[in-house]
Structures are given as C-alpha cells and as structure tokens.
Amino acid sequence: MTTYQNRQDVDKYAHVASPAEIKENDYNLNIPRYVDTFEPEPEIDLNQVKADLKQLDEEISQNEQAFNELASQLVTTRLMTSQNRRPTMSANQTKYPQLRFKRLH
C-alpha cells in the first residue's frame with residue numbers, strides 16, 4: 001500500500017506511468033505493459049536428472065525384490081468358524097473371498 005501512496009517505481013512490482021506513456025500504449029492499463037515480472041527459469045541439468053532417474057530405478061528394483069521375497073513367504077488361509085472349524089463363506093465371499101496372510105515358519 002505504501003508503494004501506491006508514495007507513488008514509487010519498484011522493479012517487478014510497480015510502475016508510475018505518465019499520462020503520455022499511457023496514451024502511447026493506447027490507454028491500455030494492463031499491468032504487464034508497465035511492470036515486467038518475467039523471471040528466467042532456472043537451467044535444468046539434464047545429465048543430473050538422468051542420473052537421479054537411474055538411481056530411483058535402482059531403488060525401485062531393490063524394493064520390488066524385497067517385496068517379492070516377503071510376498072513369497074505368505075500363504076492364504078480361509079476364515080474358520082469356531083463351531084466346526086471348517087471354512088465358511090458367504091455369497092459375497094465365494095465371489096470375492098476374504099483372504100488372510102500368515103508367514104510360513
């Protein structure tokens with residue numbers, strides 16, 4: 001607010017345009033005509049991006065290996081009732097069985 005009140009030019013923020021300058025711009029008051037807010041994009045090191053992606057791919061591969069090793073130790077079991085200790089399945093479960101996992105040891 002003080003910039004406006006003090007009628008200050010502030011780089012990339014505010015510009016005090018004279019009536020002649022406004023007339024020269026066909027009375028167009030769009031801010032970009034008077035205030036340049038452009039900031040260049042930082043350069044991207046594509047070799048570094050490539051190296052980072054390679055490292056991430058290696059980490060993903062290691063994590064998938066660890067997951068597959070753990071998953072190979074799992075077995076499926078069906079839920080048993082306490083009365084007959086036989087598997088029971090509702091109509092929905094026969095279509096989409098509820099599975100539990102336990103470690104083999």
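The expected span of a helix is 1.5 Å times one less than its number of residues. In this predicted model, helix 3 fits that rule: its 26 residues (46–71) should span 38 Å, and its end C-alpha atoms are 37 Å apart. Local features need pLDDT of at least 70, side-chain atom pairs count only at pLDDT 80 or more, and totals for chains, interfaces and linings use all residues. Numbering starts from 1 along each chain as its sequence is written, and side-chain values use heavy atoms, without hydrogens or water.

**Fold**
- The protein has four helices and two strands, taken as DSSP runs (helices H or I, at least four residues; strands E, at least two) numbered from the N terminus.
- Their order from the N terminus is α-α-α-β-α-β.
- Of the 105 residues, 6% count as buried (under 20% relative accessible area, 1.4 Å probe, protein chains only; exposed is over 50%, partly exposed in between).

**Asn25**
- Asn25 sits in the loop between helix 2 (19–24) and helix 3.
- Asn25 counts as buried because its relative accessibility is 16%.
- Leaving out residues up to four places away in sequence, Asn25 touches Arg33 and Tyr34 (contact: heavy atoms within 4.5 Å).

**Start of helix 3**
- A side-chain oxygen of Asp45 comes to within 3.1 Å of the backbone nitrogen of Asn47.

Definitions and conventions:
Polar contact = N/O pair within 3.5 Å; in protein donor to acceptor, adjacent residues only side chain to side chain.
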